[in-house]
Amino acid sequence: MKKEVMVLTGAGQIGMAIARRMGYGKKIIVGDKKLENAQAIAKTMNQVGFDVMPLEMDLASRTSIRSLIAQAQKYGDITMLVNAAGVSPSQASIQTILQVDLYGTAVLLEEVGKVIAPGGVGVTISSQSGHRMPQLTPEADEQLACTPTEDLLSLDILQPEHIRDTLHAYQMAKRCNEKRVMAEAVKWGKKGARVNSISPGIIVTPLAIDEFNGPRGEFYKNMFAKCPAGRPGTADEVANVAELLMSSKGAFITGADFLIDGGATASYFYGPLKP
Ligand SMILES: NC(=O)c1ccc[n+]([C@@H]2O[C@H](COP(=O)([O-])OP(=O)(O)OC[C@H]3O[C@@H](n4cnc5c(N)ncnc54)[C@H](O)[C@@H]3O)[C@@H](O)[C@H]2O)c1
């Protein structure tokens, strides 16, 4: 029996929370570089009535993305995309962050955009990090938004002499995610489909716990302690935003980015978190 299909990349906690909120009644194809992560969430979800198939995939590779999409299409039309795959500044090198978070996300949005069903919706998880970075020039923003995907990593602004460290690479990748979503929303709109990004602040997941224990651990702990909410967030709170964006209540929302950070960015600019 053909079903509507949700493609989920990144079998982490944020991805699973969104899949649980929006994926009922659908075939959910979950791809992750670590097959065991995809298998783990497939097991958890299949035991409570979802229909999840785990696959190994690498967001950094167009071939791998295309193969995931081809597998998904065997089950029916792709009506939902959730991209929650990624690496954080303490987990990977500058090159890997740019290859996975920046290039991979751009390719995924492009490839799914070619096949998304009418009325389909996508969300990709960006980050508050992209909001804390100073504004780029309008030219740089446009390059991140519109450069053909295969030329993205050759942009001058992304060359090693212009990227200070892994945090800067991550911020550029997340800024690029927001800009790609804007440019892709125009294309997805021609198919009657929508795509948005969500920029979470500190959400307690294994990725965030790596950050708490990494070189910037104290910085992150201070950030959630001093943000207006006074705590880190949960993956289910990110799913609340995804539900708005992916349901019919979000029908007028596309090409947009939603910050959900407990007010950390506000405090960074105009409060006690100001550097
Ligand atoms: N947790 C936070 O505080 C936070 C804040 C802002 C943004 N984010 C973003 O949310 C997204 C999901 O993070 P999470 O916190 O749920 O982390 P997580 O570690 O729980 O999940 C991330 C998943 O992505 C997978 N992955 C990594 N590289 C991959 C690749 N090349 N191809 C396919 N899969 C790959 C990992 O194996 C892992 O299963 C990431 O893009 C992250 O940057 C997280």
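Start at helix α3: select residues 62–73. At 1.5 Å a residue, these twelve residues should span 16 Å, and the end C-alpha atoms are 16 Å apart, which agrees. Keep in mind that this is a predicted model.

**Stop 1: the two sides of α3**

Stay on α3 and pick out Ile65, Leu68, Ile69 and Ala72, its buried residues. Now look down the helix axis. The buried residues fall within an arc of 95°, so they line one face of α3. Turn to the other side of the helix, where Thr63 and Ala70 are exposed.

What covers the buried residues of α3? Show β1, β2, β3, β4 (78–83) and α4, which are among the covering elements.

**Stop 2**

Select Val7 next. Leaving aside residues up to four places away in sequence, Val7 touches Ile29, Leu68, Ile69, Ala72, Ile78, Leu81 and Val112. Leu68, Ile69 and Ala72 are buried residues of α3.

Which residues have the most contacts inside the largest nonpolar core? They are Val7, Ile18 and Val30, in a core of 78 residues. Helix α4 (residues 94–115) gives the most to this core, with eleven residues. In soluble globular proteins, nonpolar side chains tend to be buried together.

**Stop 3: helix α2**

Move to α2, residues 35–46. The same check on length applies here. Twelve residues at 1.5 Å each should span 16 Å; the end C-alpha atoms of α2 are 16 Å apart, which agrees.

Highlight Asn37, Ala38, Ile41, Ala42 and Met45: these are the buried residues of α2. Seen down the axis, they fall within an arc of 130°, so they line one face of the helix.

**Stop 4: Gly12**

Go to the loop between β1 (5–9) and α1, and select Gly12 there. Gly12 counts as buried because it has 22 C-beta neighbours inside 10 Å, and the cut-off for buried is 20 or more.

Gly12 and Thr205 are 193 residues apart along the chain, yet their C-alpha atoms are separated by 7.7 Å. Which residues does Gly12 touch, not counting those up to four places away in sequence? Select Ala84, Thr205, Pro206 and Leu207.

**Stop 5: around the ligand**

Of the 30 residues around the ligand, Gly12, Ile14, Gly86, Thr205 and Leu207 come nearest. Then colour α1 (13–22) and α8 (206–212), the elements that give two or more residues to this shell. Colour the shell by residue class as well: it divides into 16 nonpolar, ten polar and four charged.

**Stop 6: Phe258**

Finish in strand β7 (residues 257–260), where Phe258 lies. Is Phe258 buried or partly exposed? With 18 C-beta neighbours inside 10 Å, Phe258 counts as partly exposed.

Phe258 and Leu245 are 13 residues apart in sequence and 9.4 Å apart in space, C-alpha to C-alpha. Last, select Asn196, Ile198, Ser199 and Val241, which Phe258 touches when residues up to four places away in sequence are not counted.

Technical notes: Residues numbered from 1 in each chain as written. Predicted model: local features only at pLDDT ≥ 70, side-chain atom pairs only at ≥ 80, totals over all residues. Near = placed C-beta within 6 Å. Helix = DSSP H or I, 4+ residues; strand = E, 2+ residues; numbered from the N terminus. Nonpolar A, V, L, I, M, F, W, Y, C, P; charged D, E, K, R; others polar. Expected span 1.5 Å × (residues − 1). Buried ≥ 20, exposed ≤ 12 C-beta atoms within 10 Å, placed from the backbone. Arc of directions from axis to C-beta. Core = buried A, V, L, I, M, F, W, Y, C linked by C-beta atoms within 7 Å. Contact = placed C-beta atoms within 7 Å.
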